[in-house]
Amino acid sequence: MSASELAPADLAQAARMAQEASVAGRALAPRGGNTRGWMGRPSRPDAVEISTRRLSGVVHYEPDDLTVTVQAGIGFHDLQRQLGAHGQWLPVNPPAAAGATIGGLLAANACGSLRGRFGAWRDLVLGMSVALSDGQVVKSGGRVVKNVTGYDVHKLHVGALGTLGLIGQASLKILPLPQERRIVLASFASTADAVHVACDIAGSRLEPAAVEILRGRTDDPFGLRLPSMRAGAPGEWALAAAVEAGACLAVRFAGAEPCCARGVRDVRALVAASGGAHFAELLAADCDAAWAALDDLPVGAGAVLRIAATPGTAARLVSEEVAGTGGRMVADVVSGVVHLLWDDAVGPEDMAGRVERLRSGLGQGASCVLLKAPPQVRERVDVWGPRPVSYPLMLAVKRALDPGNVWNPGRFVGEI
Amino acid sequence: MSPPAADRVRRLVESLEGVLGKRWVFHRDEERLAYSYDASLARARPDVVCLPGSTAEVAAAVRAAVREGLPFVARGAGTGIAGGSVPVAGGLVIGLARLNRILEIDLADRYAVVEPGVVNLTLDQALGQQGYCYRPDPSSQKVCTLGGNVANNSGGPHCLAYGVTANHILGVEVVLPDGSVTELGARHVDPLGYDLTGVFVGSEGTMGIATKVVCRIARSAEGVRTMLASYARMEDAAASVSAIIAAGIVPAALEMMDGPIIRAVEEFIGAGYPVDAAAVLLIEVEGLGEGLDGAVRSIESICKARGARQVRVADSEAERQRLWAGRKGALGAVARLKPRYYLHDGVVPRTRLLSVLQAIADAAARHRLTIVNVFHAGDGNLHPLILFDPADADETHRVHVAGEEIMRACVASGGTLSGEHGIGLEKNDMMDWVYSPEDLEAMQRVRSAFDPEGLANPQKVFPARRGCAELRADGHGGRPAGEMWI
Ligand SMILES: Cc1cc2nc3c(=O)[nH]c(=O)nc-3n(C[C@H](O)[C@H](O)[C@H](O)COP(=O)(O)OP(=O)(O)OC[C@H]3O[C@@H](n4cnc5c(N)ncnc54)[C@H](O)[C@@H]3O)c2cc1C
């Protein structure tokens with residue numbers, strides 16, 4: 001991208017830069033930690049990056065309010081550390097969070113599998129300040145947990161990939177750290193069996209923090225660092241082998257100790273009743289390591305496809321091995337979000353064909369977004385897929401908030 | 001040149017009758033009067049009222065109004081407390097009462113599709129039979145509609161743990177102000193493109209009319225415990241609320257009632273609240289059976305440490321229902337203390353509850369008014385009720401002044417104008433206390449993407465600069481049916 005990068009010291013300066021760009025007919029590309037530069041359609045070649053790296057502070061944090069207001073450039077892990085010092089956390093687990101900023105994660109709507117229990121970004125954002133291309137800094141919402149004062153314009157910026165303005169500041173709902181965390185892993189010879197148990201758990205009253213199905217092809221493809229893999233106990237090795245051959249179910253609990261214990265007990269019983277092959281409960285340090293590994297999808301792969309569907313549709317897709325499209329897979333069966341990870345060995349022609357087939361099979365019932373893909377694939381298929389029925393309104397919103405078409409032109413859905 | 005108003009109205013009536021049939025179109029004086037108010041103090045008559053029976057009819061009605069350059073206002077059950085469904089600019093009121101079918105319930109996919117006129121509790125009860133629920137539970141849930149909930153982004157006692165309406169709506173079918181029909185969102189999370197559902201929810205009918213709503217549904221909790229903590233001092237109750245939240249316990253509900261409310265409730269309902277208490281907290285925890293005892297014990301010890309005189313845990317479902325009946329009947333009970341009340345809705349950061357409650361008490365003293373409090377304490381969502389007699393003009397004036405001072409105190413503490421009731425006509429002239437002209441302009445621009453002509457529920461939400469004299473305290477307002485509660 002361009003050599004010169006803008007780095008405003010405050011949001012007002014960012015807005016002035018945007019206004020100048022608007023007058024000059026230039027494009028700006030907001031940049032946080034640049035961990036997701038691969039998302040969306042390509043940037044316009046002349047777009048100038050505008051970085052939030054100098055906007056990286058905590059603006060307001062009163063722990064007992066359970067809210068925090070931060071500048072967009074603050075690092076995700078940095079914020080979690082600061083909250084952790086007060087026994088609190090932001091209950092989201094975006095993949096590839098290392099180096100990512102809050103602003104970037106909001107713009108990319110990068111959540112994770114905890115969303116079914118704790119909410120996605122749209123549920124956690126209480127308010128925002130944004131730099132618009134007419135030179136104004138505008139806010140919506142506030143820092144209280146309930147607010148119907150004016151429109152929730154901030155929700156439009158979540159997942160907009162920086163096409164409406166530069167997110168400068170956000171207020172977020174936070175939570176006390178859970179007293180206890182537990183992970184249960186179970187392996188199944190057949191993916192369909194794993195899905196069956198997963199759906200039972202997701203539809204139960206156990207209130208799991210996350211229910212995921214993982215399918216991989218190499219030893220420990222998800223870097224779970226299972227104790228078995230280190231210790232090499234023969235029975236437990238089988239678990240790793242089963243992950244390779246079939247599917248692994250990962251159920252997480254977070255909360256009061258007796259509730260976690262109950263959850264683990266019930267899951268164990270469900271697994272046993274369904275003929276699940278192997279079972280492991282991770283405790284203490286192993287749990288922490290595996291928790292982090294589960295959060296962190298290996299997006300280093302060649303391509304990542306994200307399917308969002310109803311939980312039932314997602315479960316069906318997973319049981320059917322996503323119509324034989326191969327690759328590694330992580331499915332959040334509570335929210336209905338499936339990630340497929342393909343390595344470079346899959347040729348661009350083949351990859352594009354798989355995406356098209358999936359999309360035509362799913363129709364209106366799901367969104368199917370190529371989060372990341374080699375350029376040759378992006379040339380063949382639209383990374384976003386067909387325009388939604390409300391596309392004309394989306395275009396009208398874009399024109400209303402960014403009439404000069406300054407912010408990340410062309411990168412979003414339908415070339416917005 | 002636009003033809004005289006009467007002609008436009010006549011033509012509107014004709015075209016509506018052509019589409020809906022005479023039976024569902026109303027324009028006689030007494031019919032218009034019936035649609036001139038909601039549960040706020042605002043009053044204004046529509047020119048015409050219609051009750052469409054399908055999305056296509058809603059769209060036709062919108063087109064008919066817009067063709068004549070007349071505004072249109074959607075109306076659910078009319079329980080709004082901010083004047084949202086009061087047609088200040090005249091025009092057409094589109095009542096959604098006939099669109100009251102639950103179209104689909106999909107337990108495996110955890111969503112339900114409903115028409116906008118479905119009453120909140122009706123959906124919840126339909127789900128309850130199957131062990132599921134719809135979480136947002138506005139206190140008016142026996143009457144208010146899901147369309148109204150969506151428009152106002154309504155909350156309720158249990159939104160503390162589960163979030164407000166916006167967190168439970170996946171998508172909406174909308175008749176846009178040009179009469180076209182579109183779909184925002186989907187039946188699943190993360191629909192493609194901008195989160196139009198997110199901005200439509202809470203737009204108070206100013207972006208179009210919701211004709212179908214896709215609601216997220218959830219498993220109902222395995223167990224529930226309800227307790228009542230009573231205090232000799234209001235301060236201790238407020239401090240307990242902050243301490244419970246700070247201790248990392250998020251109860252399902254955490255409600256506060258002050259002394260006058262407690263006594264009114266006991267006199268008229270008899271919920272078993274201690275009449276000599278200065279405040280009580282009604283606290284509920286939900287979830288897996290294993291966690292409930294621990295949560296109850298922690299809350300009990302926090303309350304006691306903050307000076308609670310007594311903490312009582314309901315030991316039967318009947319006792320639990322009785323404790324809630326007091327809360328639910330509080331508004332009806334208060335209505336017997338004075339002819340009228342003005343119900344305010346403000347939000348503050350939870351650590352500021354105590355200081356803002358003090359500011360409310362100060363305002364009451366300064367203006368010689370009785371102000372009582374019954375509210376969603378866990379969210380910092382205050383509901384001061386200012387009691388008055390509308391026959392007393394001076395007192396009525398002081399009610400408005402005190403109300404404004406209370407709102408100022410909420411804003412000054414880092415809070416805002418409304419947590420759940422909306423801005424509507426009631427607070428639109430206060431919007432510039434919290435937003436700059438540029439903030440409001442950006443919101444207007446978003447609105448104009450949906451409604452370029454500004455005919456969907458005009459003069460709401462944004463400052464219009466009217467005097468409060470127009471919010472006349474006449475008619476039926478301020479006295480909702482006894483079965484409703486705030
Ligand atoms: C006793 C009492 C207790 C209450 N308790 C609570 C509470 O606990 N929490 C809370 O949040 N609120 C509460 N309210 C306020 C009120 O009940 C809610 O705002 C409710 O959501 C309004 O629903 P309704 O169907 O009555 O809508 P209405 O009052 O008819 O309309 C409200 C607004 O929604 C718009 N609207 C209605 N239907 C549609 C539609 N289909 N499409 C687009 N716009 C539409 C209207 O134009 C208007 O602006 C209470 C009110 C009363 C009287």
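Arg262(A), Arg265(A), Asp266(A), Glu222(B) and Glu290(B) form a network of linked salt bridges in the predicted model (a salt bridge being a side-chain nitrogen of Lys or Arg within 4 Å of a carboxyl oxygen of Asp or Glu). Helices (H or I, at least four residues) and strands (E, at least two) are DSSP runs, numbered from the N terminus. Glu222(B) is partly exposed at 36% relative accessibility, whereas Arg262(A) is buried, with a relative accessible area of 12%. Here buried means under 20% relative accessible area, exposed over 50%, and partly exposed in between, for a 1.4 Å probe and protein chains only.

Residues are numbered from 1 along each chain as its sequence is written, and chains are lettered from A and ligands numbered from 1 in the order in which they are written. Because the model is predicted, local features need pLDDT of at least 70 and side-chain atom pairs count only at pLDDT 80 or more, while totals for chains, interfaces and linings use all residues; side-chain values use heavy atoms, with hydrogens and water left out.

A second salt bridge between the chains is formed by the side chains of Lys139(A) and Asp439(B), at 3.1 Å, N to O. It runs from strand 8 (residues 137–141) of chain A, which holds Lys139(A), to helix 16 (residues 437–450) of chain B, which holds Asp439(B). Lys139(A) is partly exposed, with a relative accessible area of 31%, and Asp439(B) is buried at 3% relative accessibility. Across the interface of chain A and chain B, nine salt bridges are found; over all chains the structure holds 49. Within chain A, Glu180(A) and Arg182(A) are paired through their side chains at 3.1 Å, N to O. Glu180(A) is partly exposed at 23% relative accessible area, and Arg182(A) is buried at 10%.

The contact (heavy atoms within 4.5 Å) takes 76 residues from chain A and 82 residues from chain B. The area buried between the two chains is about 6500 Å², with 57% given by carbon and sulfur atoms; buried area is the accessible area (1.4 Å probe) that two parts lose on being put together, summed over both. Lys146(A), Tyr151(A) and Arg205(A) supply 16% of the area that chain A buries against chain B, more than any other three residues.

No disulfide is present, the count over all chains being zero (a disulfide is a pair of cysteine sulfur atoms within 2.5 Å). The sulfur of Cys111(A) is 18 Å from the closest cysteine sulfur, in Cys368(A), too far for a bond. For Cys248(A), the closest cysteine sulfur is that of Cys287(A), at 14 Å, which is also too far for a bond. Cys111(A) is buried at 6% relative accessibility, and Cys248(A) is buried at 1% relative accessible area.
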